[in-house]
Amino acid sequence: MKPFTAAKKLGIHLPATPAEFQETPVTREAFQALVDSPPEWLVELRRTGPHPRPEVARKLGVTISGLARGGVEDALTTDEIHALLEEMPYWLSQERFNLAAVRDEELRVKQRDADRAAKRAAEAAEGR
């Protein structure tokens, strides 16, 4: 697989990886070896960053779109993420609130649909 794909699957920022990783296609066996027994550079990169935007969003508890609305366009280090969480700017608290509200609504809709399906199944079992 391409280095970009491997980095994405590993949850790391490709430009922060060693040049050898960036320039060489990764076989499935090599990828599995990275997962099973990560080298020191990978362990350190996962610990301190810089982290790719999906990972930054996950660690901050927001969406990638929320990052963009907050003006975060680049990869962030673990220290920068912790600083944002401590500072908790208004945009970050709003995005976290919005994501929580969306997840609550998704759960409500899922439960409603399950209730409706159960009701339909019960009616079908009664022969209506």
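**Exercise 1.** Is Asp113 buried, partly exposed or exposed, and what is its relative accessible area?

*Solution.* Keep in mind that this is a predicted model.
- Step 1: Asp113 has a relative accessible area of 36%.
- Step 2: Buried means under 20% and exposed means over 50%, so a value in between counts as partly exposed. That makes Asp113 partly exposed.
- Step 3: Now look at its partner. The side chains of Asp113 and Arg112 meet in a salt bridge, at 2.9 Å from N to O. Arg112 is partly exposed too, with a relative accessible area of 31%.

**Exercise 2.** Find the salt-bridge partner of Arg58 and work out how the two sit in their helix.

*Solution.* 
- Step 1: The partner is Glu55, and the closest N and O atoms are 2.5 Å apart.
- Step 2: Both belong to helix H5 (residues 53-60); they are three residues apart, so about one helical turn separates them.
- Step 3: Check the surroundings. Arg58 is exposed at 56% relative accessible area, whereas Glu55 is buried at 19%.

**Exercise 3.** How many salt bridges does the structure hold?

*Solution.* There are six salt bridges.

Notes:
Residues numbered from 1 in each chain as written. Predicted model: local features only at pLDDT ≥ 70, side-chain atom pairs only at ≥ 80, totals over all residues. Heavy atoms only, no water. Salt bridge = Lys/Arg side-chain N within 4 Å of Asp/Glu carboxyl O. Helix = DSSP H or I, 4+ residues; strand = E, 2+ residues; numbered from the N terminus. Buried < 20%, exposed > 50% of the residue type's maximum accessible area, 1.4 Å probe, protein only.
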